[in-house]
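Thanks for coming. I have one structure for today, and I will go through it from the whole chain down to single residues.

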Amino acid sequence: MSRIYLNAFDMACVGHQAAGLWRHPEDQSHRYTDLEHWIQLARTLEEGGFDALFLADVLGVYDVFQRSRDAAVVDAAQFPVNDPVIPISAMAAATETLGFGVTISLTYEQPYALTRRLTTLDHLTKGRVAWNIVTSYLDSAARNMGLKKQIPHDQRYEIAEEYLEVCYKLWEASWEDDAVRRDAEAGIYTDPAKVHDINHEGEYFTVPGPFLCEPSPQRTPVLFQAGTSPRGVQFAAKHAEAVFVSGPTTKIVRGSVDKLRAAVAEQGRDPRSVKVFAMLTPVVAETGEQAREKLRDYQRLVSVPGAFALFGGWTGVDLAEFEPDEPLRYVESDANRSALASFTTADPDRTWTPRELGRWIGLGGRGPVVTGSPSEVADELERWVEEADVDGFNLAYVTNPGTFVDFARLVTPELRKRGLIPEGSERGTLRERLGGKGPRLAEEHPGARYRRAAAVDGARSAN
């Protein structure tokens, strides 16, 4: 078996994927407002063999369940939530190899501004940044961002296509590699002939000028994407270098992975060049029985209303409108379609009810909880790699930082003993750590075409 990649899955909030577990005496997720909390977490992850800290985000409140935000507010179901970008510089200063994947919605931000922020982070982290590209799924976010309602699902991806085109032009085409001269004798810091306007005029964006930033180590950050709807898969197959998938079983996740890899091949890209991460929540102790007792302790604190609040936000479906044992059915919405599909149409042999969903989602969200001794957890990770054809995992927590501390202390040595993760931390950019041949986009990636065009065509040069 080849190398397994590990991300810690977190969010600048309380609880994240474990509804109600903020009440556990060992949970410290309320310290999300404390910069020292993030610095300590980053050091723990780096020492524990993690490749990156993957930070989720939302821009609205979960207000679908019971047509109210109250359940989310009471149970801290991803509310309150801070900006995930801000702590990254401090975490990068405290580490040397850990990568940082940050979720930023392109729906509510101009590409000219977002590209500068990500390039700044790529400079300050020495090339350890990834962007998880999302289009946002919460109607509450759309309303608070000045829209009457959420932009339709597929139209958001059409906007995203042009958005990425602008980003590639700014990141890859605007500055030539040797534009910065720092020639004190000649009095030239940057050669103006090697900085180019991008002259973009499209349906959604107009960006005439040059990029404000000089090229960072990766130029374009590593591109993550998490959509598994048909339109999301099409987008990911073209643009993503890594994809985040979620599902309750290997069978469901394997279906998503197979569709993705086939779509990547249709784009003329190597299907294995796109790394796929599945979400799992590990509960580990020295022995299997101790781990299962720990799980029972956690399950007593699960908040079903909090879990229903999360599910409603993800899917647009209000479980208050269902009887506890009524089978869940798929409906079209402008929310996260893959989230609903994974509990309805993805597995024809399994029917989910609200009662079952509350127990499941309350610990681990859309992914499974893996419980056991270090060897049992490692066995299960290997099984998921083999059966679901994933390359690694976004590991969610029950208690923070406890889940990550336990994994680093107990499971990491077992994975290293099996040769599944490196003995030491690998240096270089995040793209290289995830298997890239260099710090830049691969030649077959569509973003690289803008780089080649800029090298031979000076028609966009600035005056």
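Predicted model: local features only at pLDDT ≥ 70, side-chain atom pairs only at ≥ 80, totals over all residues.

Residues are numbered from 1 along each chain as its sequence is written, and side-chain values use heavy atoms, with hydrogens and water left out.

First, the whole protein. It has 16 helices and 13 strands; these are DSSP runs, H or I of at least four residues for helices and E of at least two for strands, numbered from the N terminus. How does the radius of gyration agree with that of a compact globule? For 463 residues such a globule would come out near 23 Å, and the protein has 22 Å, which agrees. That radius is taken over C-alpha atoms, and the globule rule is 2.2 Å times the number of residues to the power 0.38. Along the principal axes, the C-alpha atoms fill a box of roughly 70 × 50 × 40 Å.

Of the 463 residues, 58% are buried. Buried means under 20% relative accessible area, exposed means over 50%, and partly exposed is in between, with a 1.4 Å probe and protein chains only. As for contacts (heavy atoms within 4.5 Å), take those between residues at least 6 apart in sequence: 77% of them join residues at least 24 apart.

Now the helix. α9 covers residues 288-299, 12 residues in total, and spans 16 Å from its first C-alpha to its last, close to the 16 Å expected at 1.5 Å a residue. The expected span is 1.5 Å times one less than the number of residues. Which residues of α9 are buried? They are G288, A291, L295 and Y298. Seen down the helix axis, the buried residues fall within an arc of 75 degrees, so they line one face of α9. The arc is that of the directions from the helix axis to the C-beta atoms. In general, an α-helix has 3.6 residues a turn, so residues three or four places apart point the same way. The cover over the buried residues of α9 includes β11 (275-284), β12 (369-372) and α13 (374-388).

Next, the hairpin. Strands β5 (residues 180-183) and β6 (residues 188-190) run antiparallel and are joined by 2 bridges; strands pair if DSSP finds at least two bridges between them. D183 has I188 of β6 as its bridge partner. There are 4 residues between the strands, and in this hairpin G187 takes a positive phi near 75 degrees.

Positive phi also turns up outside glycine. Q66, in the loop between β2 (52-56) and α2, has a phi of about 55 degrees, and Q66 is exposed at 52% relative accessible area. N199 lies in the loop between β6 and β7 (200-201), with phi near 50 degrees; N199 is partly exposed, at 46%.

Two cis peptide bonds come next. One runs from F79 to P80, with omega near 5 degrees, and P80 is in the loop between α2 (70-74) and α3 (88-93). Another runs from N400 to P401, with omega near 10 degrees, and P401 is in the loop between β13 (392-395) and α14.

Finally, T403 sits in α14 (residues 402-417). T403 is buried, with a relative accessible area of 5%. Leaving aside neighbours within four places in sequence, T403 contacts P282, A396, Y397 and V398.
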